[in-house]
Amino acid sequence: MIRTWRPWMIPVLAIASACARRPAGPPEPQPKGFGAAVVLVSGEKQVGGVGAQLEQPVVVQVNDAKGAAVAAALVRFTGAGSVGFQPDRGLTGSDGQFTTNVSLGSVAGQYQIVASTTDSSGKRAEVRIEEIALGYQELLGQQLNQVHCIRCHDPESTPERVSNHDNLTAKAHAFTDGAVLNPMSDASLVAMISHGGAALNKSAEMPPYGNRLTKVEIDALTAFIRAVADPPYRPQGVFDASN
Amino acid sequence: MKLRRFLFGDSARAFGTLSIVLLALLAVVPAKDYFREWRGYQKRYVRLVRGRSDATSLTRRFQPGLQQVWLPELGVVDRCTTCHSALKEASLAGVKTQPFRPHPPIPHSLTEFGCVLCHRGQGGATTVEEAHHSTESWEDPILPARYLEASCGQCHLERLTGTPLLNQGRETLAQYGCARCHVIKMPDGVAMAGTDDPPSLEHIGEKTSREWIGAWLKNPQAYASLATMPNFQLADEDIRDISAFLIAQSTPYLTGATSEPAPAGAPDEAAQQQGASLYGESFCASCHATQNAAGTLVGGTLGPELTRVGSKVKTAWLAEWLRNPKTYDPDTRMPHYRLDAKRTGLLIGFLGSKTDSDFVGTRHFDPATQAQIENGQKLVNERGCAACHEINGIKRPSDFAPELTVVGSRPLAKILFVPGVPRTLPDYIGAKIRQPRSFGNALKMPQYTLAPQQVDGLVTALLAQTERARTMPAALRIPARRPSNYPAAGQAGQLMADMGCFSCHRINGRGGDMAPDLTWEGTAVARPWLVNFLKNPNTLRPALIRRMPKFNVTDTEANTLADYIMAVYQTPDFDRDAIDSARFTSADMEHGKELFYGKYACQSCHIVDPDKDKGYIGPTLTQVGARLNAAWIFHWLKNAESLRPGTIEPVWNMGDEDARAVTAFLMAQKNVPRKETAKK
């Protein structure tokens with residue numbers, strides 16, 4: 001393997017890559033249909049552990065200019081970082097849909113994946129799909145949310161869990177509600193969870209959890225709330241030094 | 001020739017030339033050192049830091065040169081921090097490029113635990129390639145992020161809140177019978193045990209037909225989609241012979257005649273309706289699932305799915321099972337319902353009608369020959385059926401499958417990879433679980449039906465089984481909470497076993513988690529309420545879909561149970577009679593009411609006034625004064641978690657005065673008539 005970069009390697013590599021044949025991968029599927037747009041059917045905004053495969057597959061549909069589904073059109077999935085797709089390309093079925101399983105990258109955060117198709121003239125159409133990867137801290141928060149918070153803070157009921165959201169006078173904010181929760185500082189979220197609503201002149205219907213959860217757990221919950229915020233949470237005063 | 005004379009013309013020239021050559025040779029070593037990969041990363045880090053506002057402090061904390069974390073008792077030498085310079089710099093959280101990202105928050109100190117303990121890889125290596133990937137001499141690559149929880153499992157044998165995948169994987173290992181064929185010793189040396197309940201096949205001929213056994217063996221998930229029984233991918237002749245043997249070895253289980261004859265003929269529509277409502281009232285769905293019209297499974301998973309049960313069981317067997325399941329299977333989790341003949345008949349009619357003609361289909365076996373039975377017995381031995389099921393004349397095999405205690409450290413050189421499987425341990429384990437037979441048709445491991453998440457969980461749990469986990473100092477392990485085998489004593493104990501209380505309730509560390517922990521139940525409740533509840537369990541928690549069934553107990557039985565619970569299940573922490581609710585004043589109650597609705601907003605989760613309150617999470621409190629003791633409520637309001645670990649009631653930490661007032665208010669809730677007793 002190349003351990004150190006040397007200038008003389010440039011021409012050598014250039015010649016080598018020009019002469020080398022393309023690596024033998026699976027053959028590129030040949031599209032029979034061409035669409036003007038690709039739209040998301042399901043699988044957006046899923047939350048999963050870093051590197052893990054998302055629970056639900058991502059389904060997209062290729063439509064023609066009139067909005068009718070196009071069968072056998074080529075769909076490609078791409079994503080930044082180490083996002084993986086199984087499969088990453090293929091032809092739409094007779095219903096115009098293409099399904100792939102997505103594995104998130106190894107760094108926590110919001111991921112944007114792109115599904116694209118080309119029309120007969122080679123013009124590219126794409127749809128951007130957001131998914132969320134949780135690191136250890138956010139994952140811990142997610143688990144605690146399932147136990148302590150979700151019954152009031154998630155307005156949706158499931159067959160196994162009836163939501164208490166509508167029984168409250170002060171409506172609890174869904175944790176995805178970034179518009180409301182993003183402007184709140186970490187400190188005020190922690191204070192709200194620890195001391196409850198009454199202590200902060202808000203509704204007493206939010207109980208204090210400072211004696212039930214540890215500091216680490218409350219921080220984890222805060223991290224989870226930040227991770228799933230929509231629109232995404234962008235902390236103030238942090239600048240990206242990587243550029 | 002000129003050049004030679006120039007360089008080596010006389011001895012002085014020759015000496016000079018050789019000196020220069022020697023010098024050049026000697027210079028190779030410092031030059032090579034200067035161009036080391038990690039020096040490049042350190043230079044880049046210094047450049048990255050330079051432009052920042054907090055450059056001074058970052059530069060001060062940066063240490064150039066080779067860095068090393070040494071953990072002698074774990075045998076860990078990590079040089080990762082040589083390039084990963086910013087692991088502890090939280091202010092660099094926005095940096096997206098490796099190796100300069102700070103480490104995300106975890107509960108462990110990086111200096112005490114190092115890197116390879118969790119991430120694997122070669123800690124001692126000083127090049128990117130050798131540290132992260134498999135090379136010829138080193139083959140322990142970095143663990144992919146999706147399996148990282150495996151590393152927690154090396155020390156943490158208990159259930160951690162932050163490792164759902166590992167917990168799920170360990171549960172699957174126990175639940176799907178993996179631990180019945182494979183020996184899987186946890187790092188502390190205790191072998192994992194199965195938590196599933198594979199039925200004994202000693203009397204299988206009484207329960208079902210040979211044709212059903214055939215269809216089941218062909219595809220268990222076609223009968224019940226969540227069945228944990230794997231598919232052994234048997235040929236039709238083998239299925240014929242195994243079913244022949246299983247019927248041939250079956251013995252009768254009833255010594256006398258059945259207590260009542262099974263009802264004959266299909267029930268009429270009214271009886272069907274009554275049977276269906278009895279199924280609902282008996283809360284069979286708390287444990288058993290059935291498919292609804294839309295094909296969705298509705299119900300619990302503690303017992304088998306009943307969608308097609310009418311195609312499976314014989315009516316006489318079902319009648320006896322409903323009468324008392326313990327006669328067929330003394331260890332079953334199914335409670336003894338004490339149903340009378342009429343209601344047994346209604347349930348038989350209802351369950352018997354849940355058939356699926358496609359499942360058994362036209363499958364028909366001719367009478368078995370001796371040769372078929374013998375071949376069936378041979379196959380049952382070969383396939384290891386007795387590892388899970390009790391079968392007459394077959395011994396439980398030992399060492400049936402390879403031990404998996406240290407499978408997470410298995411060297412790649414000892415693994416036979418098949419084409420298409422990437423050469424890494426997680427990929428190998430995953431492929432082996434997903435499609436065991438792709439590694440050879442002669443392999444005994446059957447085909448499981450698992451969701452991708454379940455496979456990820458299993459891979460994670462198995463990757464935790466490392467050599468390091470086994471050999472590390474025992475003091476570093478956090479032990480698992482092992483299930484206790486606490487028995488309840490005497491007559492009450494027999495009743496509790498008979499009604500399967502431990503299937504749902506936990507007492508002193510033993511039992512399920514579907515229903516509340518009853519360890520201190522005697523302190524919590526009032527005896528008259530308890531007797532009444534045992535005889536006729538009504539709805540306490542409207543939001544729950546799993547309910548306590550009615551066991552039709554007699555007065556004597558209810559009293560025996562109540563006596564035992566009141567005498568034995570008492571907390572040592574306080575006296576249950578310490579607070580006399582008769583001494584509460586109406587002022588106490590009024591103050592308590594204000595606190596209940598105001599400061600503590602208990603109505604968010606509980607209902608005291610059914611017309612006004614809507615809280616839907618905690619138990620309904622309309623009759624709480626008749627149900628609970630004042631001292632229990634008082635201490636519950638202070639710290640519920642200490643009374644019943646895992647409860648979702650917040651820890652209020654109420655002061656004595658507040659707790660006393662709220663207790664007074666709640667103890668006054670005695671005589672409000674329940675409006676919604678029939679609510680399901």
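Biologist: Which residues of helix 12 of chain B meet helix 14 of chain B?
Modeller: In this predicted model, the residues from helix 12 of chain B are Arg210(B), Ile213(B), Gly214(B), Leu217(B) and Lys218(B). On helix 14 of chain B they meet Ile239(B), Arg240(B), Ile242(B), Ser243(B), Ala244(B), Leu246(B) and Ile247(B).

Biologist: And by class, what does that contact have?
Modeller: Seven nonpolar, two polar and three charged residues make up the contact of helix 12 with helix 14 in chain B.

Biologist: At what angle do the two helices pack?
Modeller: About 135°, with the axes of helix 12 (residues 210-218) and helix 14 (residues 236-249) of chain B 9 Å apart. Angles over 145 degrees would count as roughly antiparallel, so helix 12 of chain B and helix 14 of chain B are oblique to each other.

Biologist: Left-handed or right-handed crossing?
Modeller: Helix 12 of chain B passes helix 14 of chain B in a right-handed crossing.

Biologist: Stepping back, what does the domain assignment give for chain B?
Modeller: Domain 1 (2-34), domain 2 (37-142), domain 3 (153-195 + 401-476), domain 4 (204-360), domain 5 (490-568) and domain 6 (581-667). The C-alpha centres of domain 4 and domain 6 of chain B are 45 Å apart.

Biologist: How is chain A divided?
Modeller: Into domain 1 (37-134) and domain 2 (136-228). Their centres, taken over C-alpha atoms, are separated by 31 Å. Five residues from domain 1 of chain A and five residues from domain 2 of chain A form the contact between them.

Biologist: Which strands supply the domain 1 side of chain A?
Modeller: Strand 2 (47-49) and strand 9 (124-134) of chain A each supply at least two residues of the side that touches domain 2 of chain A. By class, that side of domain 1 has four nonpolar, one polar and no charged residues.

Biologist: What are the scores for the model?
Modeller: ipTM is 0.87 and pTM is 0.88. Chain B averages a pLDDT of 89, and 96% of its residues score at least 70.

Biologist: Where in chain B does pLDDT stay under 50?
Modeller: Over residues 674-680 of chain B, for which the model has eight contacts beyond four places in sequence.

Methods: Residues are numbered from 1 along each chain as its sequence is written. Chains are lettered from A and ligands numbered from 1 in the order in which they are written. This is a predicted model: local features need pLDDT of at least 70, side-chain atom pairs count only at pLDDT 80 or more; totals for chains, interfaces and linings use all residues. Domain bounds come from an automatic or database domain assignment. Two residues are in contact if their C-beta atoms, placed from the backbone, lie within 7 Å. Helices (H or I, at least four residues) and strands (E, at least two) are DSSP runs, numbered from the N terminus. Ala, Val, Leu, Ile, Met, Phe, Trp, Tyr, Cys and Pro count as nonpolar, Asp, Glu, Lys and Arg as charged, and the others, Gly among them, as polar. pLDDT is the predictor's confidence in each residue, from 0 to 100. Axes are lines fitted to C-alpha atoms, for helices over the stretch in contact, and angles run from 0 to 180 degrees between N-to-C directions. Angles under 35 degrees count as roughly parallel, over 145 as roughly antiparallel, 65 to 115 as roughly perpendicular and the rest as oblique. A crossing is left-handed if the near helix is turned anticlockwise from the far one by less than a right angle, and right-handed if clockwise.
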